[in-house]
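Please look through the structure shown below before reading the report.

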Amino acid sequence: MKFTIKNHRLATIGSQIPFVASSNVGGALAPKFIVIHYTASGPDADIARYFSQKSANVAAHLVVPRDGSICQCVPFDKVAWHAGQSRWTGKGGRQYSGLNNSAIGIEIENWGPLKKSGAGWVSWTGAPIESQKVIEARHKFGAPDCGWEVFTTPQLETVIAAVQATLRRICHRGYSRPRRYRARPQVRSRPGLGHGDVQGQGERRGRRWRCGHDRALPERAQHPLRRRGVVPPGS
């Protein structure tokens, strides 16, 4: 799959991808980074539709469900509310705060950290997760070992293609090349930042990190979308 960007919207050859507009946006965006999040939601949650609700108080530019489809919610020239209170120390010690103002946000549909339950795994909502879809790993910021839902191959292919298209446009327009990262669970991807890199981790400098996007979330009150807005229906 190969994407292009036309009029600040992602497109394939001959057509644009689905667009579900969100009003949870700010001013003009000149992107320097790409921040990738997981949604902490199940397959029944319509995250793009949730972002379209003003009451959600949160949005990202792109959403990638488990089947590898993709939907855009905010044009690339507009600030989307996805990173919350965030900061990053770039090359030369330059400080960035409020990454919404300088980053494109991509949400990947995924349960994120999982808890052991008997012989299997459950999400933060208690939903059972098939063992073959889980890996065990330790978060880079020192959280205990836990299970992580593995991103699907179609998701990864779509995200990589979308990031490549975005980078071509960003670099062509003279913006700084986004930082590189490797994203848990077992994802080796192209330039960008993970949610966990920019949420309260300002002392981490511009280098390669192993990113799990967020800390372990054992309780509903710690749901990452709850911290940025309201937990989406169907989660």
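## Basis of the model

This is a predicted model, in which local features need pLDDT of at least 70 and side-chain atom pairs count only at pLDDT 80 or more, whereas totals for chains, interfaces and linings use all residues. Residues are numbered from 1 along each chain as its sequence is written, and side-chain values use heavy atoms, with hydrogens and water left out.

## His-37

His-37 belongs to strand 5, residues 33-38 (helices, H or I, of at least four residues and strands, E, of at least two are DSSP runs numbered from the N terminus). With a relative accessible area of 1%, His-37 is buried (buried is under 20% relative accessible area, exposed over 50%, partly exposed in between, with a 1.4 Å probe and protein chains only).

The side chains of His-37 and His-82 form a polar contact at 2.9 Å (a pair of N or O atoms within 3.5 Å; within protein, one must be able to donate a hydrogen and the other to accept it, and residues adjacent in sequence count only if both atoms are side-chain atoms).

## Aromatic pairs

There are 2 aromatic pairs (rings of Phe, Tyr and Trp, the latter by its six-membered ring, with centres within 6.5 Å; planes under 30 degrees apart are stacked, over 60 edge-to-face, the rest tilted). The ring centres of Phe-33 and Tyr-96 lie 4.8 Å apart with planes at 85°, so this pair is edge-to-face. It links distant parts of the chain, as Phe-33 in strand 5 and Tyr-96 in strand 10 (residues 95-97) are 63 residues apart. Phe-33 and Tyr-96 are both buried.

The rings of Tyr-50 and Phe-51 have centres 6.0 Å apart and planes at 40°, so this pair is tilted. Tyr-50 and Phe-51 are both buried.

An open sheet is formed by 5 strands in the order 14-13-12-16-15, with antiparallel pairing (two strands pair if DSSP finds at least two bridges between them). Strand 14 (128-129) and strand 15 (134-137) are the edge strands, each pairing on one side only.
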